[in-house]
Amino acid sequence: MNAFDVIGPVMIGPSSSHTAGAVRIGNMAGALLPGKPVRALIGLHGSFAKTGRGHGTEKALTAGIMGMLPSDTRIRNSLELAEKEGISVVFEEVEIDGAHPNTALITLWNEQGDSVSVQGASIGGGEILITCVDGMSVELTGNQPTLLVLHRDVPGVIAGVTNYLAMNGVNIGGFKLSRKKKGDMALMTLELDEAPDERVTNGIRCFPQISRCVLILPAP
């Protein structure tokens, strides 16, 4: 047991599940979108939908999308700040079969029309589990440095990325591949023992079959 298990996250209240965890889900969605978000559609499932407003979940998710951390005092005013920054945020209640009660489905768009869709759950104590990115199944906690690599599902891409990481001294602690169908787009989730430097991630982005490579770092 570590100190986090005893005292929980450093956060703005009132709830680690509905506030701190919601901020981290928003952080993850914002990190996966290229550039700045200008529009957000946020679906609230289960307890997030029923009691989230009273617990500040809508403000927390919005704050996370804007890059705020769970300890940021601006969370309370995030909806107003989003409006000032020209970010349109719309909430709706959704029903997601088999989803955790504290689940949000976030779709973001940037100025260029690029989008990302992220489904994540706040599972207690500020911890989260991202279960779906752009319709592909993942298991992402954000507790370890993690590379998300979106690529064309063709032979050689996985070997190319993993060999490149090995050549640069980066060890892979966990690996998951998700795809919608054979030969379409696929998503690699690579949990790493240490964060690679920017040169390594930029090198992966240059691979011809890769459309996006995002490094997710643990929350401070």
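# A tour from the cavity outward

About 80 Å³ of space lies in the largest cavity. This is a predicted model, in which local features need pLDDT of at least 70, side-chain atom pairs count only at pLDDT 80 or more, and totals for chains, interfaces and linings use all residues. Residues are numbered from 1 along each chain as its sequence is written, and side-chain values use heavy atoms, with hydrogens and water left out.

**Stop 1: the cavity**

Select Leu32, Val116, Val133, Asp134, Leu148, Val149, Leu150, Leu187, Arg212 and Val214. These residues line the largest cavity. A cavity here is a set of points, on a 1 Å grid over the protein atoms alone, where a 1.4 Å probe fits but cannot get out. Lining residues have an atom within 4 Å of a point. Grid points are joined across faces, edges and corners, and a volume is the space filled by probe spheres set on the points. One cavity of 30 Å³ or more is counted by this rule.

Colour the lining by class. Eight of its residues are nonpolar, none is polar and two are charged. Nonpolar covers Ala, Val, Leu, Ile, Met, Phe, Trp, Tyr, Cys and Pro; charged covers Asp, Glu, Lys and Arg; the others, Gly among them, are polar.

Now switch to cartoon. Strand β7 (residues 146-152) gives the most to this lining, with three residues. Both β7 and β10 (210-216) supply at least two. Helices (H or I, at least four residues) and strands (E, at least two) are DSSP runs, numbered from the N terminus.

Where does the largest cavity lie relative to domain 1 and domain 2? It lies between them, because domain 1 (3-134) and domain 2 (146-216) both give residues to its lining. The domain bounds come from an automatic or database domain assignment.

**Stop 2: the nonpolar core**

Next, select Leu32, Leu61, Ile106, Leu108 and Ile130. Of the 34 residues in the largest nonpolar core, these touch the most other members. Helix α2 (residues 16-32) brings the largest share of this core, six residues. Each of domain 1 and domain 2 contributes at least three residues to the core. A nonpolar core is a set of buried Ala, Val, Leu, Ile, Met, Phe, Trp, Tyr and Cys residues joined through side-chain atoms within 4.5 Å. Buried means under 20% relative accessible area, exposed over 50%, and partly exposed in between (1.4 Å probe, protein chains only).

Leu32 belongs to both selections: it lines the cavity and sits among the core's listed residues.

**Stop 3: the second largest pocket**

Select Arg24, Asn27, Met28, Leu69 and Leu217. Among the 16 residues lining the second largest pocket, these lie nearest its centre. The elements giving two or more residues to this lining are α2 and α4 (57-65). Helix α2 has the largest share, with five. The pocket holds about 250 Å³ of space. By class, its lining has 10 nonpolar, five polar and one charged residues. A pocket is an open set of grid points with protein on both sides within 12 Å along at least five of seven lines.

**Stop 4**

Eight of its nine residues are buried, so α4 is largely enclosed by the rest of the structure. The buried ones are Thr57, Glu58, Ala60, Leu61, Thr62, Ala63, Gly64 and Ile65.

Step on to glycine 67. Glycine 67 follows α4 and has a positive phi, near 95 degrees. It is found in the loop between α4 and α5 (78-84). Is glycine 67 buried or exposed? It is exposed, with a relative accessible area of 53%. Now draw a distance to glycine 26: the C-alpha atoms are 7.9 Å apart in space, while the residues are 41 apart in sequence.

**Stop 5: salt bridges**

The whole structure holds six salt bridges. A salt bridge is a side-chain nitrogen of Lys or Arg within 4 Å of a carboxyl oxygen of Asp or Glu.

- Aspartate 153 and arginine 179 meet at 2.7 Å, N to O. Aspartate 153 lies in the loop between β7 and α6 (157-167) and arginine 179 in strand β8, so the pair ties together parts 26 residues apart in sequence. Aspartate 153 is buried, at 15%, whereas arginine 179 is partly exposed, at 45%.
- Aspartate 184 and arginine 152 meet at 3.7 Å, N to O. Aspartate 184 is in the loop between β8 (172-179) and β9 (185-192), and arginine 152 is in β7, 32 residues apart. Both count as partly exposed, at 24% for aspartate 184 and 34% for arginine 152.
- Arginine 199 pairs with aspartate 197, the closest N and O atoms being 3.8 Å apart. Aspartate 197 is partly exposed, at 42%.
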